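This report looks at a pair of chains, beginning with a single side chain and moving on to the contact between the chains and to one helix.

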Protein chains: 2
Amino acid sequence: MQGLKEKTTMPASTEGNGWSHVDTVQLNGSKEDLPETDSFVQQAMTLIMDEVVRKAGHASGKVCEWRSPEDLTKLLDLELGEAGEAPAQTLQHCRDAIHYSVKTNHPHFFNQLYVGLDHYAMVGSFVTDATQPSLYTYEMAPVHCLIEKVVLEKMMDMIGWVEGGDGIFNPGGSMSNMYAMNLARFQRFPEVKEQGLSACPRLVLFTSDQCHYSVAKAAAFLGIGTKNVYVVPADESGKMIPKELEKQIRTAISEGAVPFMVNATAGTTVLGSFDPIEELADVCEEHNLWLHVDACWGGAALLSNKHKHLLKGVHRAHSVAWNPHKMLMAGQQCSAFLVRDKTGLLQRCHSASASYLFQKDKFYDISRDTGDKSVQCGRKADAFRFWLMWKALGTRELERRVDHALEMARYLTEGIKKRDGFRLLMEPEYTNVCFWYIPPSMRKIPDSPEFWQKVEAVAPKIKERMMKTGSLMVGYQSHGINANFFRMIIISPMVSTKDMDFVLDEIHRLGADL
Amino acid sequence: MQGLKEKTTMPASTEGNGWSHVDTVQLNGSKEDLPETDSFVQQAMTLIMDEVVRKAGHASGKVCEWRSPEDLTKLLDLELGEAGEAPAQTLQHCRDAIHYSVKTNHPHFFNQLYVGLDHYAMVGSFVTDATQPSLYTYEMAPVHCLIEKVVLEKMMDMIGWVEGGDGIFNPGGSMSNMYAMNLARFQRFPEVKEQGLSACPRLVLFTSDQCHYSVAKAAAFLGIGTKNVYVVPADESGKMIPKELEKQIRTAISEGAVPFMVNATAGTTVLGSFDPIEELADVCEEHNLWLHVDACWGGAALLSNKHKHLLKGVHRAHSVAWNPHKMLMAGQQCSAFLVRDKTGLLQRCHSASASYLFQKDKFYDISRDTGDKSVQCGRKADAFRFWLMWKALGTRELERRVDHALEMARYLTEGIKKRDGFRLLMEPEYTNVCFWYIPPSMRKIPDSPEFWQKVEAVAPKIKERMMKTGSLMVGYQSHGINANFFRMIIISPMVSTKDMDFVLDEIHRLGADL
């Protein structure tokens with residue numbers, strides 16, 4: 001085989017009017033650059049190892065180095081110029097990016113439904129980032145087509161779909177919920193793919209008032225309309241009320257609309273509640289509705305023998321969204337959409353049969369080409385790092401991590417109950433622990449609108465202080481009738497009861513003078 | 001600050017009925033694992049350095065190690081089990097994944113509209129993968145909110161939007177085209193967000209018969225319907241014919257439908273053709289239609305003073321899709337959707353104002369929170385690696401790379417013209433070089449249906465042989481009336497005229513006996 005690998009370094013001024021000239025310049029300039037790039041990559045790897053893998057996860061460092069947008073703009077050298085720069089400068093940009101980024105793998109980061117990733121998963125991303133597969137076809141991503149299939153099958157097995165099903169990894173739970181909505185309407189009205197919704201009656205779906213906001217976004221994006229998402233009240237523990245669902249279905253039918261789907265949530269975003277899937281499945285069966293379970297956050301409980309009861313009935317769902325990048329720490333984004341159908345519905349619904357990718361005269365079994373199930377064209381190999389981590393740790397260790405997170409949430413809950421000035425919003429079902437901190441100055445004020453008005457201002461102020469101190473990151477929000485409260489999210493197997501104690505100590509330290 | 005970072009290693013059998021017990025186990029078990037993980041990460045980095053960064057890009061190795069799905073399933077140890085495994089085994093999985101993956105950075109990989117990434121961009125992905133930012137809020141991704149803005153502004157500057165605009169990075173060009181379609185209809189019928197399409201007249205959009213298949217996918221997904229994508233004929237060089245567009249618009253209006261958008265393509269997928277944007281903009285202005293330019297592939301030409309004329313008139317577009325992960329090698333996925341509007345249309349169209357992320361009582365300027373412009377919730381920091389690469393190389397080097405790729409395409413084209421048995425499909429405008437190889441046995445047969453029927457079978461056969469040999473990867477397809485032909489895509493600055501010669505030599509070597 002011939003063909004030297006050469007780096008082009010013809011000067012910018014070259015007009016390129018003769019390739020022999022270009023080629024000469026190329027050959028002349030080629031040898032100098034490679035060792036330089038090589039050494040840059042080496043140094044960058046060392047930097048990542050030192051500053052992220054080893055250091056950023058330590059409790060002794062800060063969770064974040066807060067700077068205002070204006071200050072950070074001055075600190076970072078953002079401008080893109082005509083000329084390049086020395087590798088040392090580029091390395092400094094990497095160092096800065098790490099320094100001023102939130103340390104998502106810090107043991108005091110409890111701000112989102114994910115934390116910085118497992119080291120095995122991280123290596124998995126490095127491998128796919130370096131090799132750049134794209135999952136349109138088996139030809140282009142043989143390893144990853146096989147691995148995606150194995151992971152999806154394992155997840156379906158845990159859902160309890162004994163006869164399997166189909167699925168696809170995609171960029172996030174919001175996308176998964178869109179897939180569900182599109183499949184549900186296509187299954188009911190196949191003509192919608194060609195004719196569009198203008199050929200259909202008014203379609204209506206149902207979800208609880210606790211669901212993720214992506215359900216509304218999806219309805220808007222898919223042309224269904226946010227008003228056609230009928231919001232079903234939840235009980236005080238955050239679970240959709242099946243009787244209220246039935247009421248809403250009857251309302252929609254009486255209006256002449258066509259109900260087509262129910263979105264149940266397994267692990268709501270704020271409260272971490274689980275809708276009663278079994279009962280909702282009964283309602284869906286009776287009314288012939290597609291049942292989608294948004295288990296992006298709560299799906300991980302399926303790995304735990306102790307906690308999988310939270311998703312009881314999930315095997316009756318038509319589709320499930322489950323993000324291993326959340327509780328299982330498989331790294332952004334690792335998000336599976338799973339569907340019970342085995343007749344190729346996913347492909348029929350989304351296919352466009354592009355002739356340049358999905359040739360019919362290939363020399364291998366084209367059922368291995370998964371790309372036409374997707375609404376994307378290029379698609380990253382997101383299943384790989386989850387698979388690699390799973391291989392390394394085994395199912396039992398994943399189970400243990402889930403159990404550990406839930407135990408830490410219980411420990412924190414008990415701590416909140418015991419301490420003066422902390423008030424629990426509700427008993428958590430999962431690892432979302434929601435609570436108010438009441439500063440000493442307010443503890444004598446009786447429950448009243450004035451009291452809650454004062455409480456409303458506490459969490460934002462403490463949040464500002466924790467960001468500026470860099471000691472802790474916990475989210476807050478108002479929610480329904482509840483004034484601003486903290487929402488702790490526990491995920492990492494690295495956190496201990498000491499970290500739970502720290503959270504309460506630190507919130508008190510930051511807010512005691514308010 | 002207290003809180004030891006500890007790794008949980010309580011045994012699987014622990015029932016976890018008391019946290020003090022759990023905590024003890026944790027503290028006992030914590031110290032052993034960290035050095036092991038650390039060493040695993042180190043070894044994996046060395047592996048990536050050796051097998052991908054240094055080796056996989058060399059022409060002396062294979063482009064791919066083809067195995068049938070059945071054989072590869074046997075070769076890889078895919079199953080996910082209860083127990084974990086030793087780091088050495090996990091490392092072996094990484095080695096296998098690299099070995100059996102397509103070497104997208106090999107100088108003889110010409111199969112897709114992307115190649116393996118630039119080393120600076122690769123380091124950029126490692127940084128974001130290790131730190132795991134997610135771009136909902138400035139609080140969660142301060143560095144990346146600023147960097148995304150700078151990169152988008154620079155791209156808008158190159159498009160020629162002197163007053164700027166708005167935009168968002170998202171997972172792929174197909175998504176960008178969906179964003180365009182959703183914005184276009186929202187701008188025309190704002191009520192569609194709440195009411196859905198059932199409250200709208202039949203909406204119609206226009207695109208050429210050469211456009212990317214994602215336009216049809218997007219129309220299906222967004223509830224518009226594939227039949228409401230009116231396909232405008234292209235001329236023989238693959239460019240949309242403005243007069244035909246006008247004809248289609250009149251047809252749609254006469255049917256009572258409402259035209260709302262034209263999708264122009266700058267760099268079509270197969271032929272690499274550029275629609276005449278200036279003329280299409282005139283038509284759009286006359287009919288008050290949203291002009292979207294799908295420049296996912298061809299946008300890179302804007303970096304070249306020599307070739308930016310290909311996109312003449314692009315500044316008149318309402319929105320542009322441009323993927324730096326294609327010609328500019330910024331790594332999957334790096335895909336920008338850009339919109340000329342400066343009134344917040346993108347946010348109004350997609351916002352859902354989730355209270356747990358987009359609190360109104362934050363202590364910083366919440367216009368920095370970009371998450372509610374997106375249909376995703378979690379969003380990766382895809383702009384960073386493009387920015388890092390741009391910093392390292394400078395605009396001039398990016399320009400030089402684009403110019404180099406186009407020169408190589410011209411060199412290859414001349415080679416095809418000169419050689420016996422090679423037939424050019426058309427003069428390329430960009431780096432897609434489309435051609436037939438005619439084996440010696442067929443060279444005497446006159447042009448006829450029988451001849452082309454024979455030609456149809458040649459490319460698939462040669463493709464099979466090149467995959468099995470691992471010497472080269474070039475795509476093929478039939479297209480319109482044209483029988484199967486090869487489509488060469490030239491991107492990498494590493495390829496030289498020698499590689500171009502090799503392609504033709506190798507295709508001849510593989511196909512001469514057919």
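Which backbone oxygen does the side chain of Gln333(A) reach, and at what distance?

## Basis of the model

This is a predicted model, in which local features need pLDDT of at least 70 and side-chain atom pairs count only at pLDDT 80 or more, whereas totals for chains, interfaces and linings use all residues. Residues are numbered from 1 along each chain as its sequence is written, chains are lettered from A and ligands numbered from 1 in the order in which they are written, and side-chain values use heavy atoms, with hydrogens and water left out.

## Gln333 of chain A

The side chain of Gln333(A) reaches the backbone oxygen of Gly378(B) at 2.6 Å. Gln333(A) lies in the loop between strand 7 (319-322) and strand 8 (335-339) of chain A, helices (H or I, at least four residues) and strands (E, at least two) being DSSP runs numbered from the N terminus. Gln333(A) is buried, with a relative accessible area of 4%, where buried means under 20% relative accessible area, exposed over 50% and partly exposed in between (1.4 Å probe, protein chains only).

Leaving aside neighbours within four places in sequence, the residues in contact with Gln333(A) include Pro171(A), His325(A) and Asp382(A), and, from the other chain, Gln376(B), Arg379(B) and Lys380(B); contact means heavy atoms within 4.5 Å.

## The contact between the chains

Chain B contributes 195 residues to the contact and chain A contributes 196 residues. Between them the chains bury about 17,500 Å², 62% of it on carbon and sulfur atoms, buried area being the accessible area (1.4 Å probe) that two parts lose on being put together, summed over both.

There are 12 salt bridges between chain B and chain A, each a side-chain nitrogen of Lys or Arg within 4 Å of a carboxyl oxygen of Asp or Glu. One of them joins Lys227(A) to Glu194(B), with the closest N and O atoms 3.5 Å apart.

## Helix 10 of chain A

In helix 10 (residues 277-287) of chain A, the buried residues are Ile277(A), Leu280(A), Ala281(A), Val283(A) and Cys284(A). Seen down the helix axis, these buried residues fall within an arc of 160°, so they line one face of helix 10; the arc is that of the directions from the helix axis to the C-beta atoms.

The face turned away from this buried side carries the exposed residues Glu285(A) and Glu286(A). Among the elements that cover the buried residues of helix 10 are helix 9 (242-254), strand 5 (258-265) and strand 6 (290-294) of chain A, and just after the helix Asn288(A) takes a positive phi of about 60°.

Note on methods. A polar contact is a pair of N or O atoms within 3.5 Å; within protein, one must be able to donate a hydrogen and the other to accept it, and residues adjacent in sequence count only if both atoms are side-chain atoms.
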